[in-house]
Amino acid sequence: FAFPDVWDGSNDVAWYNETDTTFELSSAESLAGLAQLVDEGNSFEGKTIILDADVDLSGKPFNPIGTVSSKVNNPFKGTFDGNGHTISNLAHSGWDFGYEWGVYGSIGLFGGLDGATIKNVTIDGFDAQIEGGDIGGITGSAEGNCTFENITIQDSTFGTYNNGIGGIIGWSGEGTFVFKDITIAEDVVLGGLWGSFDSSVGGVVGQATPGSAYVFENVDVACRLDVYNDVTASYQYYLYRMSGMLIGRCEET
């Protein structure tokens, strides 16, 4: 048994170079460094990140890996392989990033993905809220052809006042999204802030985009959807206020 590496709040980018295509991260500081690099515009397209240790983010405010907002679009485009490890005590506050009414953003372990693959990782203890934007256990938003495989979300509570909430993806754009061997555990609570106003809540995907494709294989969803205040499964007028155990808002997919 090895104790997780506990984050001290700093960022380590010394592991990165311009020539390699595969990088192994063995500390919480290097994971925070990955967030810094992607936030600066390095998408890691065609590159693979392998997590080589359990990491404990200690509940300190952690910047999502990749920034997708109404002002900036720097998604992660590579492959993240958790290598069977656990990322614990991940915490976000959307207000820390200025995401409030009228200012959109997305948060999760990743802020945004574009054509990325995320696999072999457990998120244990994700505590986050956001007022203006999307939130997911893995990523706030995703587009392109993305694959999520062998992922567990457990002991987590997160939600938004406005937009999408999903166990894996808050909001998904155009593309094909594959979910294989996914567990959203019974101790996960997905819920809207201040009564779920203007939000769509799904056990896997909060909001789907018409025309996109969603493939599910061996997906176990046991979480609680804490939804109320006009969040229904069918009311035509409020197409953005829907809930479902797989996808919250889903049409023409």
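This is a predicted model: local features need pLDDT of at least 70, side-chain atom pairs count only at pLDDT 80 or more; totals for chains, interfaces and linings use all residues.
Local features require pLDDT of at least 70 and side-chain atom pairs pLDDT 80 or more, whereas totals for chains, interfaces and linings use all residues. Residues are numbered from 1 along each chain as its sequence is written, and side-chain values use heavy atoms, without hydrogens and water.

Strands and helices are DSSP runs numbered from the N terminus (strands, E, at least two residues; helices, H or I, at least four). Buried denotes under 20% relative accessible area, exposed over 50%, and partly exposed in between (1.4 Å probe, protein chains only). E2 pairs with strand E3 (residues 48-51) in the parallel sense over four bridges, pairing requiring at least two DSSP bridges. Leu51 of E3 is the bridge partner of Leu25.

Phe23 also belongs to an aromatic cluster with Trp15, Tyr16, Phe44, Phe76, Phe80 and Phe110. Rings of Phe, Tyr and Trp (its six-membered ring) pair when their centres lie within 6.5 Å; planes under 30 degrees apart are stacked, over 60 edge-to-face and the rest tilted. The structure holds 15 such pairs. Among them, Tyr16 and Phe44 are edge-to-face, at 5.4 Å centre to centre and 65° between planes. Both Tyr16 and Phe44 are buried.

Thr160, in strand E13 (residues 157-166), is buried at 0% relative accessible area. Its side chain reaches the backbone oxygen of Gly133 at 3.0 Å.

Key. A polar contact is a pair of N or O atoms within 3.5 Å; within protein, one must be able to donate a hydrogen and the other to accept it, and residues adjacent in sequence count only if both atoms are side-chain atoms.
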